[in-house]
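Look at the model first, then read on.

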Number of protein chains: 2
Amino acid sequence: MIAVVGLGLIGTSLGLAWRRAGLDRRLVGIDPDPGARQAASGMGAFDETAEGLDAAAGAQVVVLAAPPSAVLAMAGEVARVAAPGAVVTDVCSVKAPVVHRYEEALAARAFFVGGHPMAGKAAAGAAAAEAGLFSGRPWILTPTPATDPGALHQVGELARAAGARVVHLDPDEHDRRVSLVSHLPQLAATALMLAAAGIDGAEQVAGPGLRDTTRLAASPGALWGDVLTLNADAVVEAARAFSQHFAALVDAVARRDAGAVRRIIDAGAAARRRLEEVC
Amino acid sequence: MIAVVGLGLIGTSLGLAWRRAGLDRRLVGIDPDPGARQAASGMGAFDETAEGLDAAAGAQVVVLAAPPSAVLAMAGEVARVAAPGAVVTDVCSVKAPVVHRYEEALAARAFFVGGHPMAGKAAAGAAAAEAGLFSGRPWILTPTPATDPGALHQVGELARAAGARVVHLDPDEHDRRVSLVSHLPQLAATALMLAAAGIDGAEQVAGPGLRDTTRLAASPGALWGDVLTLNADAVVEAARAFSQHFAALVDAVARRDAGAVRRIIDAGAAARRRLEEVC
């Protein structure tokens, strides 16, 4: 039996993905919100849904798919409920605080493996779930010296069953990288959207450029409040790197130095081509 | 006869769009680069191509589709070549400097109407041209008190024939708005890409968020060097507005104030929804 705790976009999509893959495990979806349980049930994502964590007591694998602050807050209860020898994993987009909390809370009783499927979309909630959400996407696992190899293998197999490709990273290194490729773009998209919204009629001349660049700005603030502040040090560092490049470019514009502007934009274009080659 | 000067993405797409619309006008494409002429000819975008501006002498309408600095540099020659009473228009993404230069250069001899079709894509050059590039996109015309109403009407009809919807804006107001919805996103996309490229392995964890947000960073530096420096005052102002929102968000993250982060992200999400409603 696999218990998925948190029936939002990711948790419900996991149920759907494992179902579609024909995974031979009983799937139990847990969420205190009756609306989320009903939506997930209606999509046929789980064999059964339940309100409380006690329903995870019989699970060999517990997947924590709640927002990061909720996952951190339930560590004690998960440790109390989890069966001895169970494997507990999570899907939070910040890893170091979660890994440290759970390695401590579960101690020798159950095994913890930090995880982060790099999948998502702007729409949130069970209703937006889809079986293909993880197809071809990286699913990062963050083993530490304390991680049990068998547990790591089991979680990797489940990630692959959902269609993802597994990548191993140190938790701190994960947090540093996502601060640059995920958290920083969110900050920039929000700030761009707020700047463009500051004048009347901006949308009259808005094109695909603004739409692409600000797509992330549609993400729900509740989730990001958690994620960004849990990864504050790395995010502030990433913002500093961004601001240096941004200031150099604005400076070249202010000096009306078209050659310098061209060189900076071309350096960005070269980096963009390398990105396109790998993802 | 319509002469299109500059057979890049926009100029060649214009030929294709007017052809597809069955426009009953002889189309002449002008470009000093034989490769561009050959590509445009090969796509059947024009009745005839030519190397030099003299070929525009018999045109009732001359469309300047070269990069902004080239358009500014050729004002004297266009004024010399243009037939008396001809309508001259351009497609530059910065309007005030072009409009002022051409109104002065053409004086009473020919009519000038500033234009900016809000269409494009990351790929440049005639080979990337497509007949549908302008379909449903805004085509901004920037009349001034000196603009001839008949010439304005003619250019508007041509824009509509290419599939665009015509919007009228004051040249300075245009430049201010595009600084926010187009030039600023370019700066941010380039700075994001350069920041993310600063660490090894960033692309290993990169997802659709980074891809969307940095799509503009693939744009060619040569064009942007021109555009950004010609619109320097407005761009610097837009960058200042962005930096204030960005700094407030980073500040809330650094203070680990999840509530403040949530409120700022939610304000951005609300603005993003308004954008989605109108474009």
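Into which domains is chain A divided? The model, which is predicted, has domain 1 at residues 2-169 and domain 2 at residues 173-278 of chain A.

## The two domains of chain A

The centres of domain 1 and domain 2 of chain A, taken over C-alpha atoms, are separated by 30 Å. The domains also touch: 14 residues of domain 1 of chain A are in contact with 14 residues of domain 2 of chain A. On the side of domain 1 that touches domain 2, helix 3 (68-73) and helix 5 (96-106) of chain A each supply at least two residues. Sorted by class, this side of domain 1 of chain A has 9 nonpolar, 4 polar and 1 charged residues.

## How the two chains are related

## Where the chains meet

In the contact between the chains, 82 residues of chain A meet 82 residues of chain B. Six elements of chain A each supply at least two residues of the side that touches chain B: strand 8 (138-141), helix 7 (171-196), helix 8 (208-213), helix 9 (221-230), helix 10 (232-254) and helix 11 (258-278). Helix 7 of chain A gives the largest share of that side, with 17 residues. By class, the side of chain A that touches chain B divides into 53 nonpolar, 16 polar and 13 charged residues.

Why can it be said that the copies meet through the same surface? The reason is that 100% of the interface residues of chain A are also interface residues in chain B.

## A sheet of three strands in chain B

Chain B contains an open sheet of 3 strands in the order 7-8-9, with mixed pairing. Strand 7 (115-117) and strand 9 (165-168) of chain B stand at the edges with a single partner strand each, so one side of each has no neighbour in the sheet. Neighbouring strands of this sheet are turned by 20° against each other on average, direction ignored.

Strands of a sheet pair through backbone hydrogen bonds, in a parallel or an antiparallel way. Strand 7 and strand 8 (residues 138-141) of chain B pair in the antiparallel sense, over 3 bridges. B:Pro117 has B:Trp139 in strand 8 of chain B as its bridge partner. Helix 6 (residues 149-161) of chain B lies across strand 7, strand 8 and strand 9 of chain B, and runs at about 165° to strand 8.

## Strand 4 of chain B and its partners

Strand 4 (residues 61-64) of chain B runs parallel to strand 1 (residues 2-5) of chain B, and 4 bridges join the two. B:Val4 has B:Val63 in strand 4 as its bridge partner. Strand 4 of chain B is also joined by 4 bridges to strand 5 (residues 87-90) of chain B, again in parallel. Here B:Val61 stands opposite B:Val87 of strand 5.

In a regular strand the side chains alternate between the two faces of the sheet. Are the residues on the faces of strand 4 of chain B buried or exposed? B:Val61 and B:Val63 on one side, and B:Val62 and B:Leu64 on the other, are all buried, and both faces of strand 4 are covered.

Conventions:
Residues numbered from 1 in each chain as written. Chains lettered and ligands numbered in written order. Predicted model: local features only at pLDDT ≥ 70, side-chain atom pairs only at ≥ 80, totals over all residues. Contact = placed C-beta atoms within 7 Å. Nonpolar A, V, L, I, M, F, W, Y, C, P; charged D, E, K, R; others polar. Pairing = 2+ DSSP bridges. Axes fitted to C-alpha atoms, helices over the stretch in contact; angles between N-to-C directions. Domains from an automatic or database assignment. Buried ≥ 20, exposed ≤ 12 C-beta atoms within 10 Å, placed from the backbone.
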